[in-house]
Each structure stands twice: as structure tokens, then as C-alpha cells.
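Hi everyone, thanks for coming. I'd like to walk you through a structure that may be new to you, so please take a moment to look at it.

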Amino acid sequence: MRLLFIHSDHLEFEAREAVSDDLAEREGVPLEGRMEECVTVFVSVESGDAEDVDGVVENALVELRDVTDQLSTGKVVLYPYAHLSEDLAAPDVATAVMQDLEAALEAEDYEVLRAPFGWYKSFEVSCKGHPLAELSRHVAAHRDEESEAEEPARAPSDWQVVYPDGGLEDAVAAKPDVSDDMRAFIEDEVEDVVASPGEEPPHLELMQEKELVGYDELSDVGNLRFYPRGKLIRDALMAYVNDLVVRYGGMPVETPIMYDLGARSISEHAGKFGERQYRFESGDRRMMLRFAACFGQFSIMRDMHISVNDLPLRIYEMSTYSFRREQKGEVTGLKRLRAFTMPDMHTATRDMDQARAELLAQAKLALQTSEDLDINYEPAIRVTRDFYDENEAWVDEVVAELDKPALLEILPERHHYWSAKIDFAAIDGLGRPIENPTVQIDVESAERFDIEYTDGDGAHHPPILHYSPSGGIERVMAALLEQTATMETPQLPTWLSPTQVRFIPVNPDAHLEYCDGLVDDLEADGVRADVDDRDETVGKRIARAETDWVPYYVVVGDDEMDEGTLGVNVRVEGEEVDASLADLREMVAADVGDLPSPLRYLPRHVSDHPHFTGR
């Protein structure tokens with residue numbers, strides 16, 4: 001149930017037209033009314049409330065008592081209002097909840113005016129306008145300690161910086177001694193400083209200007225469309241992570257994207273992620289879209305017969321897509337989305353010793369992605385106080401192995417399913433973190449999902465690691481583009497560049513065929529090459545290669561055809577070097593190494609490249 005409280009000088013309504021004869025409430029409720037000096041409560045009854053109407057009414061009463069006590073009034077208007085939620089209950093359930101809530105309030109001597117359900121109504125409300133005049137609450141049937149208040153008070157974390165030599169320093173005091181990126185990370189995480197408030201991250205403009213990614217007004221906000229250049233980058237990143245995880249020992253699977261909230265294990269685990277979910281009805285079942293691959297992989301583990309000899313057991317999926325229903329104002333380009341691609345591995349381990357060993361190994365693998373992607377990642381180690389007191393030496397070992405200072409957050413108690421985790425953040429062009437890789441030790445889910453392994457002593461619930469070696473693929477793209485915004489000569493790594501080599505024929509009529517032959521030779525070795533054959537000056541075509549961030553481009557004229565030597569413009573060096581085609585091939589190969597290199601996604605000739613953004 002969603003409640004919006006308005007401390008009102010008055011509320012007046014009049015029912016004008018029934019939504020339908022079947023839905024319109026007529027008995028025992030006025031079709032018009034007015035109340036002075038009251039609290040107006042706009043109410044949306046949600047589908048989940050049907051599971052325990054008595055419970056949700058009881059908990060709504062708690063919130064009503066709290067608000068009316070603060071406002072010193074016993075006069076309440078109950079107004080059914082469907083626009084506070086997208087997950088509404090059936091009309092009969094909503095009517096029953098409103099009636100029961102009215103009766104319960106009257107039993108406690110409140111003066112109650114209830115507007116009818118199932119009518120189009122005109123209304124006028126006058127809000128008093130003081131700090132407590134507008135309040136909202138989300139009410140569920142079940143209440144635990146953390147749901148008694150909207151934002152339960154928690155003891156603050158202890159923030160330190162741990163150095164590879166074992167040194168420990170207060171995080172804020174350490175700012176002069178750490179890198180610029182770590183300083184920005186500390187300011188965001190510890191001091192809650194918003195860098196460059198009101199400014200948009202640079203990648204928002206770049207992703208559209210370079211025709212990589214765009215918005216689609218026909219879809220939900222935070223669901224993006226990828227043009228050929230952007231899709232190539234995304235596909236290459238996905239292939240890279242797949243190869244990385246499989247080499248490490250992850251076993252790829254594929255699982256459904258929607259799950260039944262009627263299953264207790266699903267609803268409890270989903271509850272750990274607050275309200276960031278797409279929920280919907282499928283027949284008589286309440287379903288949700290996954291936010292990661294946890295549910296499907298836990299289901300696989302539950303149904304397996306796992307021996308101690310199978311551990312560590314690593315199940316992996318490139319979950320395309322995962323969904324989180326972020327607030328509309330929080331959605332930001334490639335950094336914060338509602339639909340995204342999440343590489344997700346879960347590792348069942350024998351005990352905490354093996355879990356700690358896996359966490360360290362997987363954290364080091366995440367730093368390998370930092371090197372391969374040429375993105376600087378700053379680590380944050382987050383642990384509960386109990387975990388830290390028992391594993392302080394191990395935390396020092398982790399930082400020594402990562403070989404760079406780490407931000408350490410010590411939580412006074414555990415509020416999540418994990419007891420220890422390591423996050424890695426890139427810093428964007430405005431000095432704000434983009435959290436990407438993460439690895440966590442989960443101490444709850446094995447029992448919740450009935451996952452067991454057996455050994456000579458019987459059955460046991462394994463500690464399970466959640467791991468994303470790169471973080472969301474779209475966030476990796478955001479970090480890459482943010483990094484280009486700080487470069488003197490912006491560029492993507494050669495293995496991710498949509499065009500790796502471009503040939504520019506001086507005279508397309510005379511030199512195009514020769515350039516096509518050069519492309520044929522390079523493509524045979526997996527190099528993405530194209531030819532700018534447009535009827536433009538050489539200068540304009542060179543400018544286009546620069547705008548497209550092509551790592552290597554070559555102007556081809558009579559001399560190049562006669563001598564076979566190419567003047568290769570090397571973007572990263574900002575200079576031209578003489579090279580043979582074999583030399584050029586080796587330059588690209590040295591940049592790419594054993595990283596994925598998909599075929600070109602756009603036509604060979606630039607004249608055939610369409611414009612996707614209307615620019």
C-alpha cells in the first residue's frame with residue numbers, strides 16, 4: 001500500500017461518473033463531502049496487499065497514528081488514489097482495504113470521511129505548507145525492525161584507508177596521501193560530496209555524438225538502443241568477459257529473466273533490493289524481472305547433487321538483460337539504467353576459508369580487467385565489524401595482493417546478505433565514481449534457497465560468492481567514454497575501436513580498388529578496416545577519421561601503390577610512420593593481443609555508412 005499524507009486546511013470532493021457499474025462503490029459511502037482541518041490520505045492499494053489484508057490495514061494504522069500524532073489532529077479523509085503505484089490490487093481487494101481501514105480508524109475515535117472507490121471525482125485540497133504537511137509511506141503486511149521507520153537509524157561506518165604495506169589511516173585524513181581518483185572516491189563515499197553538481201557526465205553526449213547508443217522514446221526510460229558501433233563495443237566486451245570467466249573455471253548457463261514472487265525464497269531475496277524491481281501479473285501469479293542472475297543460478301545449485309569434491313563450484317551467466325526500476329531522475333546514460341547487461345557468477349565454497357581464498361582470487365581477476373580495459377579502478381573493501389575483527393590480517397593480505405591502497409568500510413553490523421565484499425570504482429570525468437566489478441561473500445542465500453553440498457559428515461550450506469568481473473557492460477562503456485573525455489587525444493582501446501584501420505584514397509576512381517585489396521588482406525587476419533571513398537577532399541576525410549577516433553589511418557595515392565610503403569597515421573602517437581602492410585598488421589595485432597576482435601559491423605565503404613542519429 002502507498003500512502004500520501006497532506007495536512008489540509010480542507011478537502012472537498014464530488015463523485016462525477018462511475019468508472020463502471022461493477023466497480024463503483026455506492027453503499028455506505030458519500031458521493032460528495034468536505035472536511036476542514038484534517039489529514040487527507042491518498043491511498044493506493046497494491047496487488048501484494050491481497051495476501052494479508054488484515055496485516056496491511058494494521059500496519060497502515062501504525063503509520064496513520066504516527067502522522068496524526070505529529071500533526072495533532074484526529075480528522076482523516078481516506079481518498080482512493082490509483083496514481084501512487086503501477087502495481088494495483090484488484091478492485092474488490094482495494095475496496096475491502098479502504099472499508100476496513102475506515103472501520104479501524106472509527107473504532108479508535110477518529111473522525112473519518114471516506115471518498116468512494118470506482119468513481120471519477122473532482123476534488124479540491126488546500127495544503128498547509130509547513131515542513132510536515134506532505135509525507136509519504138510504503139506499507140506492507142509484514143513489518144520487521146528495519147521497516148518500522150522509512151529510514152532506520154544506523155550507526156555510522158568506520159572508514160579507513162589500508163595501504164599495501166599494512167598501514168592503516170583514517171580515510172579523510174589520508175586524502176593528501178592518495179591518488180586523485182582515490183581522493184574523489186573518499187569524498188563521494190565518506191564525505192558525501194557531490195562533484196560538479198548539476199553537470200551531466202561527458203559520456204552522455206559522446207555516446208550519441210559517436211553514434212554508439214541512443215534513447216528510444218517508445219520504450220521505458222533507462223532502456224537504450226545500440227547502433228552498430230556501440231553494439232560492436234558491447235559485444236566485444238561481452239565476449240571478453242565470457243572468455244575471462246570460462247578460463248577461470250566458470251561454467252556458463254542460461255536462466256529465465258522472470259520469477260514468481262509467490263516463492264518465499266524469491267520474495268525474501270528480492271526484498272534485499274528495496275523497490276528497484278519490475279513487477280507484473282502473469283495469470284494468477286505475481287512475477288518480477290530479475291535484477292541479476294542470482295535466482296536462476298541458485299535454482300540450478302539447489303537441484304544439483306553437489307559433493308565437497310565439486311567445490312568451489314562456479315556457475316556463470318551473461319545475463320542479458322537484467323532489470324532494476326531505478327527512479328526516473330536517477331537514470332543517467334550508460335551509468336545508471338533500468339535494463340542492462342550483467343556478467344554474473346556465483347561460486348559455492350566449502351567453508352569461509354575457501355570463500356576468502358576465492359574472494360581474493362576473483363578480486364585480482366577484476367583488476368586484470370582494469371589492465372585489459374586500460375581503466376583505473378579504485379578498490380573498496382566492505383566488511384562487518386565482526387568479520388573484520390576475525391580477519392584483520394586477511395584484509396591486510398588482500399590489500400597487499402591488490403598492490404594499491406584500498407578504501408575500507410567497517411559496518412557496525414550486517415544489514416545485507418553479505419559479510420564481506422570488494423567493489424571497484426572508476427572515476428568519471430566529473431570526479432564521480434562508477435562502481436563496476438564486485439565480489440561478495442553471501443552467508444544467507446544457501447540456506448534460503450536450500451542449496452547443500454555433502455561430505456563424509458553429512459549435508460552443509462555453502463558460503464556463496466556473488467561476482468561480476470567487469471560490472472555491468474554498459475557501465476564499462478560509460479567508464480571508457482568518461483576516460484576519453486580527460487584525454488588530450490581521445491581514443492578507445494584498439495580492440496574496441498569500431499574501425500581499427502581506415503584507408504583514404506586520394507582519388508577514389510584511381511585508388512579505390514587498391515584500397516579494397518588492402519582491406520581484404522587485413523580482414524583475412526581479423527583486422528577491422530574500411531575505406532573512406534566519399535567524394536570529399538582528402539582533408540575532410542582525414543578529419544572524419546579523427547572524429548571517428550580511428551587508431552590507424554592511411555592516405556593512399558600513386559606513390560603508395562607504386563612503392564608499397566604506407567604512411568600510417570598513429571592516433572595514440574600523434575605522428576605518421578612509414579610501414580608496410582605487414583607492419584601495420586603487426587601494430588594492430590600488438591594492440592589487440594588475445595582480446596576479442598569481432599568483424600566490422602558497418603559496410604566497408606564509408607559512403608555506405610548511414611547516419612543513425614540524424615546529425
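**A walk along the chain**

When I say helix or strand, I mean DSSP runs numbered from the N terminus, with helices being H or I runs of at least four residues and strands being E runs of at least two.

A word on where all this comes from. This is a predicted model, where local features need pLDDT of at least 70 and side-chain atom pairs count only at pLDDT 80 or more, while totals for chains, interfaces and linings use all residues. Residues are numbered from 1 along each chain as its sequence is written, and side-chain values use heavy atoms, with hydrogens and water left out.

Now the overall view. The chain holds 15 helices and 29 strands. Its C-alpha atoms fill a box of roughly 100 × 65 × 50 Å along the principal axes. Of the 615 residues, 52% are buried; buried means under 20% relative accessible area, exposed means over 50%, and partly exposed is in between, with a 1.4 Å probe and protein chains only.

The expected span, by the way, is 1.5 Å times one less than the number of residues.

Which helix does H5 pass in a right-handed crossing? That partner is H8, which runs over residues 352–373. In general, two packed helices are described by the angle between their axes and the distance between the axes. Here the axes come within 12 Å and cross at roughly 145°. The axes are lines fitted to C-alpha atoms, for helices over the stretch in contact, and angles run from 0 to 180 degrees between N-to-C directions. Right-handed means the near helix is turned clockwise from the far one by less than a right angle, and left-handed means anticlockwise. On the H5 side, Leu-237, Tyr-240, Leu-244 and Tyr-248 make the contact, and their partners in H8 include Ala-361, Leu-365 and Leu-373. By class, that contact has seven nonpolar, three polar and two charged residues. Nonpolar here covers Ala, Val, Leu, Ile, Met, Phe, Trp, Tyr, Cys and Pro, charged covers Asp, Glu, Lys and Arg, and the others, Gly among them, are polar.

Let's move to another helix pair. H1 (residues 53–71) and H2 (residues 91–107) have axes that come within 10 Å and cross at roughly 50°. H1 and H2 are therefore oblique to each other: under 35 degrees would be roughly parallel, over 145 roughly antiparallel, 65 to 115 roughly perpendicular, and the rest is oblique. Their crossing is right-handed. Among the residues that meet are Val-53, Val-56 and Leu-64 in H1, with Val-93, Asp-100 and Leu-105 in H2. The residues of this contact divide into 11 nonpolar, no polar and one charged.

H1 itself has 19 residues and reaches 27 Å from first C-alpha to last, close to the 27 Å expected. Its buried residues include Gly-55, Asn-59, Glu-63 and Leu-71, and what covers the buried residues includes strands S1, S2, S3 and S6 as well as H2.

Asp-192 has phi near 55° and lies in the loop between H3 and H4. Trp-549 also has phi near 55°, in the loop between H13 and strand S27. Is each one buried or exposed? Asp-192 is exposed, with a relative accessible area of 64%, whereas Trp-549 is buried, at 7%.

Next, the cis peptide bonds. One joins Leu-311 and Pro-312, with omega about 0°, and Pro-312 sits in the loop between strands S15 and S16. Another runs from Thr-320 to Tyr-321, with omega near 0°, and Tyr-321 is in S16.

Last stop: Val-506, in the loop between strand S25 and helix H12. At 41% relative accessibility, Val-506 counts as partly exposed. Leaving out residues up to four places away in sequence, Val-506 touches His-511, Val-538, Arg-541, Val-555, Val-556 and Gly-557.

Notes:
Contact means heavy atoms within 4.5 Å.
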